[in-house]
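Here is a short briefing for a reader meeting this structure for the first time. Look at the model, then take the points below in turn.

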2 protein chains.
Amino acid sequence: MSIPPDSVGAVVAQRAHFDQPLPLKSGAVIPAYDLAFETYGTKNAAGSNAILVCHALSGSHHVAGHYADQPGNVGWWDNLVGPGRPLDTNRFFVVGVNNLGGCHGSTGPSSPNPATGKPWGADFPMVTVEDWVEAQARLADHLGIEAWAAVLGGSLGGMQALQWAISFPERVRHCLVIAAAPRLTAENIAFNEVARQAILTDPDFHGGNFYEFGVRPVRGLRLARMLGHITYLSDDQMAEKFGRKMRNDSPSYGFEVEFEIESYLRYQGDKFAGFFDANTYLLMTKALDYFDPALATGGNLQAALARARAKFLVASFSTDWRFSPSRSREIVNALVHNGQDVAYANLSSNFGHDSFLMEDRQYHAVMRAYLEGIGT
Amino acid sequence: MSIPPDSVGAVVAQRAHFDQPLPLKSGAVIPAYDLAFETYGTKNAAGSNAILVCHALSGSHHVAGHYADQPGNVGWWDNLVGPGRPLDTNRFFVVGVNNLGGCHGSTGPSSPNPATGKPWGADFPMVTVEDWVEAQARLADHLGIEAWAAVLGGSLGGMQALQWAISFPERVRHCLVIAAAPRLTAENIAFNEVARQAILTDPDFHGGNFYEFGVRPVRGLRLARMLGHITYLSDDQMAEKFGRKMRNDSPSYGFEVEFEIESYLRYQGDKFAGFFDANTYLLMTKALDYFDPALATGGNLQAALARARAKFLVASFSTDWRFSPSRSREIVNALVHNGQDVAYANLSSNFGHDSFLMEDRQYHAVMRAYLEGIGT
């Protein structure tokens with residue numbers, strides 16, 4: 001496999017240990033924790049060229065490049081990050097981090113609970129977007145980064161970027177909020193709840209302590225992912241890519257794969273259920289549900305965002321029905337009414353919510369232009 | 001409980017037995033079968049005032065009225081059907097029928113298989129909309145109805161009405177297709193497939209033969225119904241009715257009900273899983289998937305509908321995203337291009353796909369006006 005010249009190439013995952021207890025929004029406290037992270041590019045002497053990339057529901061710290069022994073394991077936002085790519089690692093020092101509660105190396109439900117020596121399982125505390133930002137701030141301290149040149153992310157990652165601008169106004173110069181929303185709707189929560197119930201009611205879930213039983217709730221995780229995929233794609237894209245295409249020339253009138261869309265969903269579900277941790281999935285969906293920065297200001301998003309000092313880029317995608325463009329415009333409107341500095345792009349794309357992961361020319365041109373304007 | 005004067009009042013379910021084997025579209029044959037049905041109003045001497053009401057995914061023959069010993073068990077379309085109601089039983093003889101494969105009295109997977117004496121279970125053959133219409137035609141024969149004054153239904157019921165107009169052009173004078181589509185999209189099939197996989201992978205499903213094990217796949221059925229409900233409601237209605245309302249004043253940071261929408265979905269899921277047959281649910285979703293009258297004419301709906309002799313009313317609802325107004329317009333356009341007689345109403349409603357079951361003033365006025373114009 002040849003490595004493109006604008007790839008960051010082979011990368012190495014790192015890990016930082018944090019000894020200071022982290023008080024969580026729920027009132028619980030994580031006594032100590034590890035965060036898995038990766039960096040690309042070189043930090044300048046002033047530490048002023050650092051950009052934090054936050055991941056979405058199923059992402060990780062592996063944002064770009066590949067591992068030397070796993071050339072096919074390419075980072076989830078590799079098309080955006082690299083030397084000469086829109087997020088240019090010739091200029092920027094880029095940091096990816098696996099969130100607390102994750103299952104890619106950071107402390108999470110499958111990690112040993114120091115109190116028992118067994119996996120945390122159901123005892124792992126609920127983590128919120130605010131908690132993640134607190135934990136990420138300690139990683140910034142650890143890396144000697146006083147303020148991020150930018151914090152960015154898509155979907156749940158965009159919510160973290162937004163929270164950064166609120167929680168640490170002095171530590172974020174630019175905030176890029178892609179395909180996100182200021183809070184979930186009832187319908188968004190409903191989809192999350194069905195996914196959670198699929199996992200929680202899987203007999204192999206064992207109340208979250210399945211590790212001890214040598215099983216994994218793959219059925220529930222598979223259903224959760226299949227459902228998720230419906231909401232990540234657009235109706236249009238599904239129609240174009242799959243339509244009513246059948247596996248065989250004539251119907252089999254059975255419950256095996258009949259339509260290609262069924263095959264796609266089963267494949268995605270099986271693949272995901274094979275490696276992802278069910279407790280992490282539950283935690284991530286709850287973090288989405290709870291995210292609501294305007295709750296503290298009586299539902300007034302404008303007031304909630306008033307303390308931000310960052311400049312903003314907000315981007316949405318025309319066919320995203322999970323977090324539709326109107327949700328992004330709620331953020332934009334609040335910022336505009338505050339007289340804050342915000343650029344907004346609603347991008348025409350056929351790929352629904354997943355558009356934020358795609359290498360679309362117009363989208364990447366917007367990202368490149370904005371990021372090029374950020375001084376280091 | 002007082003009975004409103006425009007209710008059909010207490011009704012009695014009936015059952016007809018059919019001895020003649022029914023060849024199905026799949027190639028399988030049902031050797032003999034029962035159909036449960038109800039009638040409201042009085043058939044005139046010529047049998048020319050009969051109207052067939054077809055049910056959707058989870059409906060039954062119990063369309064209107066209540067049972068004498070169950071006054072709270074009111075038919076699913078009671079608000080439409082009764083003396084003086086839009087479908088006026090003073091004029092019309094209305095027939096409701098439980099479809100083949102159902103679980104409300106008609107022969108289905110939970111009925112004894114004559115070959116074994118045990119419930120059919122997984123051996124019950126796949127039934128299609130065309131098969132249902134064939135079976136309903138035999139019920140019409142049994143009731144002495146040469147031609148229906150009208151066949152109507154919402155959602156999957158509307159598809160049956162449409163199929164009647166194609167399969168038996170001479171036996172349908174009016175065809176009312178409400179909140180339906182000429183075929184499912186990939187996204188529609190995707191939702192059905194997730195629901196099916198929830199049932200099929202429930203360990204209590206036992207390959208469809210759970211009856212013998214004394215269990216029911218309630219977990220899968222519950223998930224299927226929860227998911228279904230998301231697609232029946234509109235995003236707007238969910239926002240209005242539930243929004244982000246929480247059960248308690250402050251979050252519990254656990255997996256019990258936090259938001260009211262979660263409570264609603266769990267309640268609906270539990271209720272449904274308590275009585276519905278899982279195999280029937282699977283069959284109904286497959287009937288939806290397979291429905292595609294234009295398949296035989298190379299995808300040309302206009303050609304498929306050309307043989308219909310009925311006059312049509314097509315109705316859609318503004319916030320229905322399961323079968324959006326544009327899907328109804330596909331049917332209307334095909335009929336218009338054929339020069340066929342069609343009226344179309346796109347009704348403003350906040351209730352999404354479920355609108356077709358609601359007692360909306362404008363909607364019922366349209367139904368009343370159209371039905372009043374049907375001669376008996």
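Ser349(A) is buried, with a relative accessible area of 10%. The model is a predicted one.

**Around Ser349(A)**

- Ser349(A) sits in the loop between strand S12 (342–347) and H10 of chain A.
- Its relative accessible area of 10% falls under the 20% cut-off, so Ser349(A) counts as buried.
- Which residues does Ser349(A) contact, leaving aside its neighbours within four places in sequence? They are Phe317(A), Ser318(A), Thr319(A) and Ser355(A).
- One of these, Thr319(A), is 30 residues away from Ser349(A) along the chain, and their C-alpha atoms are 6.3 Å apart.
- The side chain of Ser349(A) also has a polar atom 3.2 Å from the backbone nitrogen of Phe351(A).

**Helix H10 of chain A**

- Helix H10 of chain A spans residues 361–372 and includes Ala365(A).
- Is Ala365(A) buried or partly exposed? Ala365(A) has a relative accessible area of 46%, which makes this alanine partly exposed.
- Ala365(A) and Pro86(A) lie 279 residues apart along the chain, yet 7.5 Å separates their C-alpha atoms.

**Around Ser111(A)**

- Ser111(A) belongs to the loop between strand S8 (93–97) and helix H1 (129–142) of chain A.
- With a relative accessible area of 15%, Ser111(A) is buried.
- The side chain of Ser111(A) places a polar atom 2.8 Å from the backbone nitrogen of Gly108(A).
- Not counting residues up to four places away in sequence, Ser111(A) touches Ser106(A), Lys118(A), Pro119(A) and Trp120(A).

**Strand S5 of chain A**

- Which residues cover the two faces of S5(A)? Ala50(A), Leu52(A) and Cys54(A) are buried on one side, and Ile51(A) and Val53(A) are buried on the other.
- S5(A) runs parallel to S8(A), joined by 4 bridges.
- Within this pairing, Val53(A) has Gly96(A) as its bridge partner in S8(A).
- S5(A) also pairs with S9(A) in the parallel sense, over 4 bridges.
- There, Val53(A) stands opposite Leu152(A).

**Ser155 in both chains**

- Most residues other than glycine have a negative phi.
- Ser155(A) has a positive phi, near 60 degrees, and is not a glycine.
- Ser155(A) lies in the loop between strand S9 (150–154) and helix H2 (156–167) of chain A.
- Ser155(A) has a relative accessible area of 6%, and is buried.
- In chain B, Ser155(B) has a positive phi of about 60 degrees and is likewise not a glycine.
- Ser155(B) is in the loop between strand S11 (150–154) and helix H2 (156–167) of chain B.
- Ser155(B) is buried too, at 7% relative accessibility.

**The contact between chain A and chain B**

- How many residues does each chain bring to the contact? Chain A brings 51 residues, and chain B brings 51 residues.
- The size of an interface is often given as the accessible area lost when the parts come together.
- Here chain A and chain B bury about 4500 Å² between them, with 69% of it on carbon and sulfur atoms.
- On the side of chain A, Arg244(A), Tyr253(A) and Phe255(A) lose the most area to chain B, together 18% of what that side buries.
- Across the interface there are 6 salt bridges.
- Glu193(A) and Arg266(B) form a salt bridge, with their closest N and O atoms 2.6 Å apart.
- Five helices of chain A each supply at least two residues to the side that touches chain B: H3 (186–200), H4 (218–232), H5 (235–241), H6 (260–273) and H7 (278–290).
- H3(A) gives the most to that side, with 11 residues.
- By class, the side of chain A that touches chain B has 28 nonpolar, 8 polar and 15 charged residues.

How values were computed. Residues are numbered from 1 along each chain as its sequence is written. Chains are lettered from A and ligands numbered from 1 in the order in which they are written. This is a predicted model: local features need pLDDT of at least 70, side-chain atom pairs count only at pLDDT 80 or more; totals for chains, interfaces and linings use all residues. Side-chain values use heavy atoms; hydrogens and water are left out. Contact means heavy atoms within 4.5 Å. Buried area is the accessible area (1.4 Å probe) that two parts lose on being put together, summed over both. A salt bridge is a side-chain nitrogen of Lys or Arg within 4 Å of a carboxyl oxygen of Asp or Glu. Ala, Val, Leu, Ile, Met, Phe, Trp, Tyr, Cys and Pro count as nonpolar, Asp, Glu, Lys and Arg as charged, and the others, Gly among them, as polar. Buried means under 20% relative accessible area, exposed over 50%, partly exposed in between (1.4 Å probe, protein chains only). A polar contact is a pair of N or O atoms within 3.5 Å; within protein, one must be able to donate a hydrogen and the other to accept it, and residues adjacent in sequence count only if both atoms are side-chain atoms. Two strands pair if DSSP finds at least two bridges between them.
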